[in-house]
Protein chains: 2
Amino acid sequence: METLKHYTLQDILQMDRFFRMHFVNTISGYKSAMLVGTQGHRGAPNLGIFNSVIHLGASPPLLGFSVRPLTVPRHTYHNILAKRFFTINHVDRENLTAAHQTSANYPEHVSEFKACGLTPWYSEKLPAPYVEESKIRIGLEFIEEHHIRANGNILIVGKVVEVHIPEIFIKPTGHIDLPAAQSVAVAGLDTYYAGDLIGRLAYARPDQAPRWEETGE
Amino acid sequence: METLKHYTLQDILQMDRFFRMHFVNTISGYKSAMLVGTQGHRGAPNLGIFNSVIHLGASPPLLGFSVRPLTVPRHTYHNILAKRFFTINHVDRENLTAAHQTSANYPEHVSEFKACGLTPWYSEKLPAPYVEESKIRIGLEFIEEHHIRANGNILIVGKVVEVHIPEIFIKPTGHIDLPAAQSVAVAGLDTYYAGDLIGRLAYARPDQAPRWEETGE
C-alpha cells in the first residue's frame with residue numbers, strides 16, 4: 001500500500017529551498033521546452049529557455065509564456081517591449097544541451113547564441129532571431145502583458161505571425177508530430193523527457209463512450 | 001532534404017478550421033493534462049480537463065491555467081469565483097479515457113464525475129472536489145484572474161494550499177517522478193503521451209559546459 005503524503009502550504013514553505021523549488025516546479029507536470037529569441041534595442045540577439053509556453057487561442061493564433069519578476073533586468077522582457085516581436089523555437093534532442101545552457105547567467109554583453117553554440121537565423125518578417133538548430137520556429141508579435149500581482153511574474157501574450165516547420169512533421173489532420181520532430185518535454189527546470197505516444201482520443205460527446213482514433217503509428 | 005514549410009498569419013487564418021485548431025494547439029509542444037475540480041454555489045461538483053496549467057512561482061507556490069472566453073457559461077470559472085477554491089488532479093494512464101471524456105459538453109445539471117465514472121474526494125481544507133482516481137492532487141486558493149484582451153481567454157491564478165501525493169513519487173531532490181506516477185502529457189486537445197526520461201541537466205553556469213546529473217535510472 002502506498003503511503004499518501006499530505007503537505008500543507010506551511011509544510012511547503014518550510015521545505016528546504018532547493019527541494020521546494022523542484023517540488024513545486026515539477027508538480028504541475030510536463031511542459032514544453034522552448035527557446036525564446038529576442039533582439040535588444042541596439043540589435044543584440046538574446047536567447048533564453050522557457051517552460052511556461054501555453055496555447056491561448058487558435059483564431060487568431062495566440063501563445064503566452066511567463067517571465068520572472070523584474071527585480072533584476074530580464075533581457076527577454078525588455079527586448080520584447082523594445083522590438084515588439086519575439087520567436088519561440090522548439091528544443092529537441094539535438095539542441096537540448098545547448099538550449100539548457102542558455103539558462104546560465106551570462107553578462108548582458110554576451111550573446112547566449114555565441115556562448116552556447118547556437119546560430120541566430122532571421123526571416124524578413126520580424127526583428128528577432130530564430131534558432132537555426134530548431135526544426136520548428138514560430139514568429140510572434142507582442143500583443144499584451146499581464147503582471148501577476150501575487151509575485152510580480154509577467155504573462156507575455158503574442159500573436160503568431162509566421163511558422164517555419166518541416167512539412168514531414170505535419171499530419172493530414174493538422175497535428176504536429178512532436179516525437180518525429182524530437183521535440184522535448186520538461187518537468188521543472190532541468191529534467192527532460194521524450195514523448196512516447198499513448199494515442200489520440202476522439203472528440204468527446206456526452207452520448208458516446210471514449211474512443212481511440214487511428215494515428216497511423 | 002526536408003522541405004521547410006513557411007506559413008504566414010494569413011495562411012494560418014485560411015486553414016480549414018479543424019486543421020488550424022490542431023496545428024495551433026500542438027505547435028506549442030507538450031503540456032500537462034490536468035483535471036480541474038470545482039464546486040458550484042449550490043454545492044454541485046464539476047470537473048474539466050485542461051492543458052494550460054503553468055508554474056508561476058515556488059514561494060509562495062502559484063499555478064495558473066487558462067479558461068476560454070465567457071461567450072457561454074464556463075462552469076469551472078463561475079465555480080472558482082463562487083467558492084474561491086479549486087483542485088488540480090493529475091491525469092495518468094489509468095484515468096486517461098475518463099479524464100478526456102470530461103471534455104464532452106454535458107448539461108449543467110449533470111456531474112462530469114458521475115457521467116465519466118470518476119469519484120469526488122474531499123479534504124477538510126477546501127470546498128472543491130478532488131479526483132480519487134488521480135494519484136497526485138493539488139488544492140488551490142483562487143488569487144487573481146487576468147482577462148486576455150485579444151480574445152477573452154482568462155488566466156486563473158491560484159496559490160497551492162495543500163498537496164496529496166504518494167511518497168514514492170517524490171525523489172530525494174524534491175523532483176516528482178512523473179513517469180513513475182504515470183502522469184501523461186498532451187499535445188493539443190486529444191493526443192496523449194507518456195514521458196520517456198532523457199535526463200536531468202545540472203544547473204547551468206556561464207563558465208561550465210552542460211553536464212548530465214545522475215538520476216538513478
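Contact here means heavy atoms within 4.5 Å. With that in hand, take B:F23. Leaving aside residues up to four places away in sequence, B:F23 touches A:V163, A:I170, A:G174 and A:I176 in chain A, and B:Y7, B:I12 and B:M15 in chain B.

A word on the model and its conventions. This is a predicted model, in which local features need pLDDT of at least 70, side-chain atom pairs count only at pLDDT 80 or more, and totals for chains, interfaces and linings use all residues. Residues are numbered from 1 along each chain as its sequence is written, chains are lettered from A and ligands numbered from 1 in the order in which they are written, and side-chain values use heavy atoms, with hydrogens and water left out.

Which residues have the most contacts inside the largest nonpolar core? They are A:F23 and B:F23, and that core has 74 residues. A nonpolar core is a set of buried Ala, Val, Leu, Ile, Met, Phe, Trp, Tyr and Cys residues joined through side-chain atoms within 4.5 Å. Buried means under 20% relative accessible area, exposed means over 50%, and partly exposed lies in between (1.4 Å probe, protein chains only). In soluble globular proteins, nonpolar side chains tend to be buried together.

Now look at helix 2 of chain A, residues 17-27. Helices (H or I, at least four residues) and strands (E, at least two) are DSSP runs, numbered from the N terminus. Helix 2 of chain A is mostly covered, with eight of its 11 residues buried. They are A:F19, A:R20, A:H22, A:F23, A:V24, A:N25, A:T26 and A:I27. Helix 2 of chain B is also mostly covered, and eight of its 11 residues are buried. Among them are B:R20, B:H22 and B:N25.

What caps the N-terminal end of helix 2 of chain A? A:D16 does, with a side-chain oxygen 3.1 Å from the backbone nitrogen of A:F18. A polar atom of the A:D16 side chain also lies 2.9 Å from the backbone nitrogen of A:F19. Such polar contacts are pairs of N or O atoms within 3.5 Å; within protein, one must be able to donate a hydrogen and the other to accept it, and residues adjacent in sequence count only if both atoms are side-chain atoms. A:D16 sits in the loop between helix 1 (9-13) and helix 2 of chain A. A:D16 is partly exposed, at 48% relative accessible area. In chain B, B:D16 caps helix 2, with a side-chain oxygen 3.1 Å from the backbone nitrogen of B:F18. Just past helix 2 of chain A, A:G29 has a positive phi of about 85 degrees.

How are the chains related? A rotation of 180 degrees with 0.0 Å of shift along its axis superposes chain B on chain A, with an RMSD of 0.0 Å. That is the relation of a two-fold axis.

Next, the interface. The contact takes 108 residues from chain B and 109 residues from chain A. B:I27, B:Y30 and B:I198 supply 8% of the area that chain B buries against chain A, more than any other three residues. Together the chains bury about 9600 Å², 66% of it on carbon and sulfur atoms. Buried area is the accessible area (1.4 Å probe) that two parts lose on being put together, summed over both. Of the interface residues of chain B, 100% are also interface residues in chain A, so the copies meet through the same surface.

A:S32 gives a close-up of that contact. A:S32 lies in strand 2 (residues 31-32) of chain A. A:S32 is buried, at 2% relative accessibility. A polar atom of its side chain lies 3.0 Å from the backbone oxygen of B:S28. Beyond four places in sequence, A:S32 touches residues including A:F50, A:V184, B:G29 and B:Y30.

Last, the backbone. Most residues other than glycine have a negative phi, and most peptide bonds are trans. The peptide bond from A:S59 to A:P60 is cis, with omega near 5 degrees. A:P60 is in the loop between strand 5 (54-58) and strand 6 (61-67) of chain A. B:R84 is not a glycine, yet has a positive phi of about 65 degrees.

Conventions
Copies are superposed by least squares on the C-alpha atoms of residues with pLDDT of at least 70 in both.
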